[in-house]
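Here is a short tour of one protein model and its ligand. Look at the whole chain before you turn to single residues.

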Amino acid sequence: MTTNMQWVLAARPVGAVKESDFRLIESPLRPLAEGEFRIEVLYLGVAAVMRNYMLNAEKFERPLELGDVMHGRGVGRIVESRHPDWRVGEIVHGKMGWQRYAIADGSPYFLMFKVRQRVAPVSTALGVLGLTGFTSYLGLVDIGAVKAGDQVLVSGAAGGVGSNVGQIARNLGAEAVGIAGSPEKCRLLTMSLGYRAAINYKSEDLEQRIGELFPNGLDVFFDNVGGETLDAGLAHLRRHARVVLCGAISQYIDGLERPYALKNAFALFKKMARMEAFFIYEMSERFERAEAQLADWIAAGKLHYQEDILEGLEQMPTALIRLFEGRNVGKQLVRVSPDAR
Ligand SMILES: NC(=O)c1ccc[n+]([C@@H]2O[C@H](COP(=O)([O-])OP(=O)(O)OC[C@H]3O[C@@H](n4cnc5c(N)ncnc54)[C@H](OP(=O)(O)O)[C@@H]3O)[C@@H](O)[C@H]2O)c1
């Protein structure tokens, strides 16, 4: 353990993210300062927001300059420590960056937590039992105020966040319909991910299908996609509906220059509905509650976690690109350490 492998930013993306926007480098491991600890990264996750990091367009993240290690969350094992509260051998998840070895100091910036649960593999600390799962749970329960009997619509339903939302809705006595981009994903939604029905937005008329599947309107719309998809859902709100703005992946590239103008926003007024965005990094005091509930459901066989794992740190750019191309099924991860299980 003397050298590190790191993905650094080589170019700011223009349009779609490309492999050539990144460069893989080898660098020496520096000694730890007092208060720091070193983590051997086991798995890394990717998120659509990373394209914004590459453009320095997210104010909540440290600036990313050309040549800097890409930001990202991982799960790993502490292999060296000069911090009394973070001990060698502990498994942690937090901000680690796209690299084999990360250094952290336990300060709030790293949003780092110890993995204590034993109900599922450590990779789930980036998925259902990490910020992705907390986003699904807190988005639906705290922001969406879902309750038994509710009719729920979820876009991006076969992705990392969406693959949990239908099951959480079902576990709370509600019924969900998922929107996804292929027949295989739609089958998965109804066969294993708790959705009562699925809509393939690429081959069906989305707005018409929502109308058919929600003849009395919908109570909660958990939206990961934004743009036209959000507009189609707004057209079918029931009185006092809640629209949860979780993400807007359809807008992350073109929407910055040509923002989509919603045609159905007035429906919020007519239906006395509420539309609210949230940011999971600001909800950390609620993570313990979310984790406990999600772990209980996994242990009881009521929550199936869907992971899509690529092998090797070399795959990081591919993993990120897959999100924008809709190629991932469930939470997109990369196994960085070959013996991580
Ligand atoms: N609010 C928060 O704090 C928070 C936290 C985490 C994530 N998020 C957001 O939540 C959303 C889901 O995140 P995730 O990490 O779970 O990603 P994900 O859903 O696993 O991956 C992205 C999926 O989005 C779909 N997609 C891509 N481009 C699209 C387009 N132009 N139109 C429609 N669908 C498109 C693809 O599925 P199809 O094959 O179905 O098209 C793709 O598989 C993202 O928007 C993300 O930014 C928000």
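## Overall build

A residue counts as buried if 20 or more other C-beta atoms lie within 10 Å of its own. By that test, buried residues make up 45% of the 341 residues in the protein chain. Keep in mind that this is a predicted model.

The chain has 9 helices and 15 strands. Its radius of gyration is 20 Å, close to the 20 Å that the globule rule gives for 341 residues, so the chain is as compact as a globular protein of that length. Along the principal axes, the C-alpha atoms fill a box of roughly 60 × 45 × 35 Å. Now take the contacts in the chain with a separation of 6 or more: residues 24 or more positions apart account for 65% of them.

## Two domains

The domain assignment gives domain 1 (3–127 + 305–335) and domain 2 (131–281). Their centres, taken over C-alpha atoms, are separated by 28 Å. The contact between them takes 16 residues from domain 1 and 16 residues from domain 2. On the side of domain 1 that touches domain 2, the residues divide into 6 nonpolar, 7 polar and 3 charged.

## Around the ligand

Which residues are closest to the ligand? They are Gly159, Gly160, Gly181, Gly247 and Gly326, out of 30 residues that surround the ligand. Helix 2 (131–143) and helix 9 (316–325) are the elements that give two or more residues to this shell. By class, the shell has 15 nonpolar, 14 polar and 1 charged residues.

Where does the ligand lie relative to the domains? Domain 1 and domain 2 both give residues to the shell, so the ligand lies between them.

## The nonpolar core

The largest nonpolar core holds 94 residues. Val152, Leu189 and Phe222 touch the most other members. This core draws at least three residues from each of domain 1 and domain 2.

Take Val152 as an example. Leaving out residues up to four places away in sequence, Val152 touches Val146, Ala169, Ala174, Glu175, Ala176, Leu218, Asp219, Val220 and Phe222.

Start with helix 3 (residues 162–171). Of its 10 residues, 8 are buried, so helix 3 is largely enclosed by the rest of the structure. The buried ones are Gly162, Ser163, Asn164, Val165, Gly166, Gln167, Ile168 and Ala169. What covers them includes helix 2, strand 8 (151–154), strand 9 (175–180), helix 4 (183–191) and strand 11 (218–223). After helix 3 comes Gly173, whose phi is positive, near 85 degrees.

Now find helix 6 (residues 227–234). Its buried residues are Thr229, Leu230, Ala232, Gly233 and Leu234. They pack against strand 8, strand 9, helix 5 (206–213), strand 11, strand 12 (237–245) and helix 7 (266–270).

## A residue in a loop

Val329 lies in the loop between helix 9 and strand 15 (331–335). Is Val329 buried or exposed? Val329 has 20 other C-beta atoms within 10 Å, so Val329 is buried.

Which residues does Val329 touch, not counting those up to four places away in sequence? They are Ala158, Lys185, Leu188, Gln306 and Asp308. Val329 and Gln306 are 23 residues apart along the chain, and their C-alpha atoms are separated by 7.2 Å.

Definitions and conventions:
Residues numbered from 1 in each chain as written. Predicted model: local features only at pLDDT ≥ 70, side-chain atom pairs only at ≥ 80, totals over all residues. Near = placed C-beta within 6 Å. Helix = DSSP H or I, 4+ residues; strand = E, 2+ residues; numbered from the N terminus. Nonpolar A, V, L, I, M, F, W, Y, C, P; charged D, E, K, R; others polar. Domains from an automatic or database assignment. Contact = placed C-beta atoms within 7 Å. Buried ≥ 20, exposed ≤ 12 C-beta atoms within 10 Å, placed from the backbone. Rg over C-alpha atoms; globule rule 2.2 N^0.38 Å. Core = buried A, V, L, I, M, F, W, Y, C linked by C-beta atoms within 7 Å.
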